Amino acid sequence: MKKKKRLTLLGDILGCIFGILIFAVPFVFMFVNSLKDRREANLLNLSLPTEWMWENFKEVISANNYQILTAFKNSIILTAGSLLILILAGSMAGYVLQRRSDRTTRTVDTIVMTGLMIPPAILPTIWVMQGLHIYKTMFGMILVETALQIPFTIMLYKGFMNTIPVELEEAGYIDGCTRGRMFVKVIFPLLKPVTSTIIILNAVTIFNDFTNPLYFLPGNDNVTVQLTLYNFMGRYSSSYNLLFADVLIITVPMLILFLIFNKKIVDGMVAGAVKG
Amino acid sequence: MNKKKVYSTWFLVPALTIFLVFFIIPMVTSLFFSLTVWDLKSFTFCGLDNFKTFFGERSLSISVRNTLIYAFMTSGLKVVIAFFIALFLTSKIRTKNFLRALVFFPNLVSAVAIGIVFKALMHPSKGLINAALEAIGIAGPNWLGDTNLALFSVIAVDVWKGVSISTVIFIAGITSIDSSYYEAASIDGATRWQTIRHIVMPLVRTSTNTIITLSLIGGLRCFDLIWAMTKGGPGFATDVLSSVVYKQYASGFYGLSTAGNVIMFILIAIIAFPLQRFLNRREVYN
């Protein structure tokens, strides 16, 4: 028994060493280098800064006429707007798709689920957006993000609807509840656990999305955080300190979210992935 | 209860409209536009010319090969590595909560940010990885500059980023195995390895299948990490289908770009759908 205990301790130590080496070093590296001056940071080593340059962050924030603040505002609008539509449209669709099984719902289900596998067709999407005069607008971008995340959202809602007994609704209708009220007052509140999973998962995906804003939302006014990061990469390729400061500023909101909701995020990811 | 009336089709309309307009219509029309030369306003039909160009030019067709290597390698490595990390993290170690958080965190950082950091770490002369290799007497290669190595360097970073979610899925699978299986095995005198091979591995098959499908599809459509790290270079060594789609779009060849997109659909359809069917058939239910 004693031998076993010692073995676990060894596992603990080795695990921590490898874990930190492989997963934490890149972040520590980024952090110390973001606080050095340019020359020192360009050596790209792990030593502590000789002088702690907190003003790097100030410089990054004020760069390009405070572009990063605009970017944060845009990314938050994009994420929040898409989430709102996703939750409303997704919960309604998931509810009906799970409860009813006839030709219409089966067809809809098949169509929507293709979206889980097939990637979007980029240029024709731009073509459609131009036709609707919403290309390069935040509104258009929100709709595209919504369309891309809706299969996954519906899938999660559908999965969760399985666990809600139908008797509840039957009782409601006998008491004379209308179907709109039924959904808003009874079903939607019961979906709360899966709604929070959906919020977390989609928020991470949309906030971190680089590809779609690159295609569908070009232009300096509409820039999102991931795009500023990408632009910085070109502009500050020789000042790693500023580049890393920028990466940190953009990563910190996620880090804070993670520290608060750690368990919930991980559970949500599992729920989402396993049902897929 | 009249199901059609209670669960009104109207509930499907908002989601379905958005999905049809911004996903299905572009997907269907892409089949047509891939056969044309167009500039988003007018088009000229040109038959299969775009596809001929695509497969005729090595700089473009190499992307199909790279995409396949990328998808299968990331997916395979993630399954194997994640399985062993998950086994380790479900054993009796005390620091497992800390380690789980550590392994998980890269998942929340955007691919562009990770690309930037690893580009610096993989710097050929002063990067941390080569400095570490030098300390033990190995001359480190030029990770992202060598045409034979660049693709595998990006694959390694993708695995680093994506292994967390696979690990979490495996942890969920392993912890849901009934303890009576382990008891039976230990009564029969099974070794640790036999337990893993004949109990854990078959019973986490559902998780394995999920991970394979998810990471394979993710690998087939990957763009942001590759673009942030190498932009498809050096030369065309790390060009995948999605980066070709972007490059052709950026240089104004919209028909060719759409053709690349269609090739991506076809590739995913012929790999992912049969694979899923095959994997589902092999599942063991517990």
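A residue is called buried if 20 or more other C-beta atoms lie within 10 Å of its own, exposed if 12 or fewer do, and partly exposed in between, with C-beta atoms placed from the backbone. The model is predicted, and local features need pLDDT of at least 70, side-chain atom pairs count only at pLDDT 80 or more, and totals for chains, interfaces and linings use all residues. Residues are numbered from 1 along each chain as its sequence is written, while chains are lettered from A and ligands numbered from 1 in the order in which they are written.

The buried residues of α5(A) include I126(A) and W127(A). Their cover includes α6 (138–161) and α10 (211–216) of chain A, as well as α2 (13–33), α13 (241–250) and α14 (254–281) of chain B. Just after α5(A), H133(A) has a positive phi of about 60°.

In chain B, L40(B) lies in the loop between β1 (36–38) and β2 (43–45). L40(B) counts as partly exposed because 15 C-beta neighbours lie inside 10 Å. Leaving out residues up to four places away in sequence, L40(B) touches I126(A), W127(A) and Q130(A), and also Y254(B); contact requires C-beta atoms, placed from the backbone, within 7 Å. Between L40(B) and G255(B), the separation is 215 residues in sequence and 9.4 Å in space, C-alpha to C-alpha.

Terms used: Helix = DSSP H or I, 4+ residues; strand = E, 2+ residues; numbered from the N terminus. Contact = placed C-beta atoms within 7 Å.
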